[in-house]
Amino acid sequence: METMETMEKEIKRPFTGIVVQISQDLMSAHIKLHKSEEEEEDLTENQVREALRDKKVIYGIKEHLLERLAAKPVYELNLEIAKGTEPIKGKDGEVIVNIKKDKDYKPEYNEEGTVDYKSINYFQLAKKGQILGTIIPAENGIDGKNIFADKIIGGNGKNPNLPMGLNTYLSEDKSQIIALCDGLIKYNGDRIDISEMLHIRGNVDMLSGNINFAGDVTVDGDVCSGFYIKAGGNIIVKGVVEEADLQADGSIHIMKGINGIGKEKISSIGDLTCKYIENAVVEAGGSIYTDYIIDSNIVCHENIELTGSQEVLFGGEIRVLGNLKAKEIGNHGERSTKVEIMGIQNLDRKKMNSLNTEKDQYKKTINMLVENVGNIAKMIEKGHISPEIINQLEQLREQVHLLEGKIVWIEDEIEKLENSGTLIYNGSITCKRTIYPGVKIYFGDIRFKSEEHTMYNCMIYNQNGEALHVNI
């Protein structure tokens, strides 16, 4: 019969110092071997495997390292003996857009810093069937495993938001965004819209008549004298605008120029781009890009940039809220030219908004009360008369009267705020060559005065209510 001492000897491991450590993320296991001088037996591969099984490590074991350790043990050194497979998250899908953002679509300058107005394509036009964007679908993820052979979900990528808007559609294989019709490309937030156009193949004249269209208008020829175009979008004229009215809720691009007689008006909510402006009345809510301006009355709510072969401005009256840049202002003949930098009223916007909100609320309440008054009046007409109804009618009328009085008070307060606001002038005038005598420059009512009869290479600006200039 075997003694207890004999049994213990048979099951005792020769290597008591096999230490297996598991990483916190359960993705790797390290082994360290300790050997005392008393141990005589060699380390075996099965002993290492048993140590790993004791720790439940069954996946990602480095077999080559395990065999090497059994053949030639390395002591007192941490070695990675097992490594899990990391999950791979699928790539998110994306849309590769083949067109520019509206804000990036501006006049392009050549090496000389000028614009080629003949070849400029200021608006992006789409053709029916044109590919606007290519969709890269999301990819599926690849699952991983930890050293315990537990599955780790890789996770699929997210599908992209499709910027499909008006007059666009998805291809059958859902890989492309395509234009449904000819039109003008617009961004509505992150959405791509194709705005339908009215295309005049020739001139705007007796054959076409006046144009009044809710979308964009393109004219291949000229806009002749005495006619007008009103567009709910942009206007593109590939020829000349004569003594004609143009009104656009978007931008205006005239490939050649404007020849007016000082009466008709060109107005846009967006930018105005053209080769030249002569004897015209112009108002642009955006910026104006042109080569030269002569004898014109201009109001520009952003910047005026003269760029081209001449970059000259003389005659007329120019009012601009932003910056005016030119080579020459005025001429040798000392033509009377007025340039005014308009100011922005510095108001208490927070209080103004609060008053307007309060005013709107009172108006809504009045509308509701007036409706109730009308209902009671109808009841009285039908003979439903009682002291209570009469009293209710009088109370409603009194409430309406009180609220109307409050609205009048608010309007007075708003007017006081508007009158109390100071004007600030953020715009400036930059002249790269000459400002001739005869040019009068104002910042609102503040006249710029210079001791120099003619000024060269300078910038004129307003600082703390004083018009100043500096050489550039």
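## Questions and answers

Modeller: Start with a cysteine: Cys-224 has a relative accessibility of 17% and counts as buried. Keep in mind that this is a predicted model.

Colleague: How many disulfides does the rule count?

Modeller: The rule is the sulfur cut-off of 2.5 Å. Under this rule, the count of disulfides is 0.

Colleague: Is Cys-181 buried or exposed?

Modeller: The cut-off for buried is under 20% relative accessible area. Cys-181 has 13%. Therefore Cys-181 is buried.

Colleague: Now the whole protein. How many helices and strands are there?

Modeller: Both kinds of element occur in the protein. The counts are 5 helices and 35 strands.

Colleague: Is the protein more spread out than a compact globule, or less?

Modeller: For 472 residues, the globule rule gives 23 Å. The radius of gyration is 40 Å, well over that value. The C-alpha atoms fill a box of roughly 125 × 85 × 55 Å along the principal axes. Because the radius is well over the rule, the answer is more spread out.

Colleague: What share of the residues is buried?

Modeller: The protein exposes about 27,300 Å², and carbon and sulfur atoms supply 48% of this area. Of the 472 residues, the buried share is 41%.

Colleague: What share of the contacts with a separation of 6 or more joins residues 24 or more positions apart?

Modeller: Contact here means heavy atoms within 4.5 Å. Among the contacts with a separation of 6 or more, the share from residues 24 or more positions apart is 43%.

Colleague: Which residue in strand 12 is the bridge partner of Ile-185?

Modeller: Strand 11 covers residues 183-188. Strand 11 and strand 12 pair in the antiparallel sense over 5 bridges. In strand 12, the partner of Ile-185 is Ile-194.

Colleague: Which residue takes a positive phi in the hairpin of strand 34 and strand 35?

Modeller: Strand 34 (residues 455-463) and strand 35 (residues 466-471) are antiparallel, with 6 bridges. Gln-463 has Glu-466 as its bridge partner in strand 35. The hairpin has 2 residues between the strands. The residue with a positive phi, near 55°, is Asn-464.

Colleague: Is Lys-174 buried or exposed?

Modeller: Lys-174 sits in the loop between strand 9 (168-170) and strand 10 (176-179). Its phi is positive, near 60°, in a residue other than glycine. Exposed means over 50% relative accessible area. Lys-174 has 60% relative accessibility, so Lys-174 counts as exposed.

Colleague: Which side chain makes a polar contact with the side chain of Glu-311 at 2.8 Å?

Modeller: Glu-311 lies in the loop between strand 25 (304-306) and strand 26 (312-320). Glu-311 is buried, with a relative accessible area of 2%, and has a positive phi of about 55° although it is not a glycine. A polar atom of its side chain lies 3.4 Å from the backbone nitrogen of Gly-308. The side chain in contact at 2.8 Å is that of Lys-432.

Colleague: Which backbone nitrogen does the side chain of Gln-47 reach?

Modeller: Gln-47 is part of helix 2 (residues 45-54). At 12% relative accessibility, Gln-47 counts as buried. Its side chain reaches, at 2.9 Å, the backbone nitrogen of Thr-44.

Colleague: How far apart in space are Thr-218 and Glu-76?

Modeller: Thr-218 belongs to strand 15 (residues 216-219) and counts as buried at 2% relative accessibility. Its contacts beyond four places in sequence include Met-197, His-199 and Ile-236. In sequence, Thr-218 and Glu-76 are 142 residues apart. In space, C-alpha to C-alpha, the distance is 83 Å.

Methods
Residues numbered from 1 in each chain as written. Predicted model: local features only at pLDDT ≥ 70, side-chain atom pairs only at ≥ 80, totals over all residues. Heavy atoms only, no water. Pairing = 2+ DSSP bridges. Helix = DSSP H or I, 4+ residues; strand = E, 2+ residues; numbered from the N terminus. Buried < 20%, exposed > 50% of the residue type's maximum accessible area, 1.4 Å probe, protein only. Polar contact = N/O pair within 3.5 Å; in protein donor to acceptor, adjacent residues only side chain to side chain. Rg over C-alpha atoms; globule rule 2.2 N^0.38 Å. Areas by Shrake-Rupley, 256 points an atom, 1.4 Å probe, with all protein chains shown as cover.
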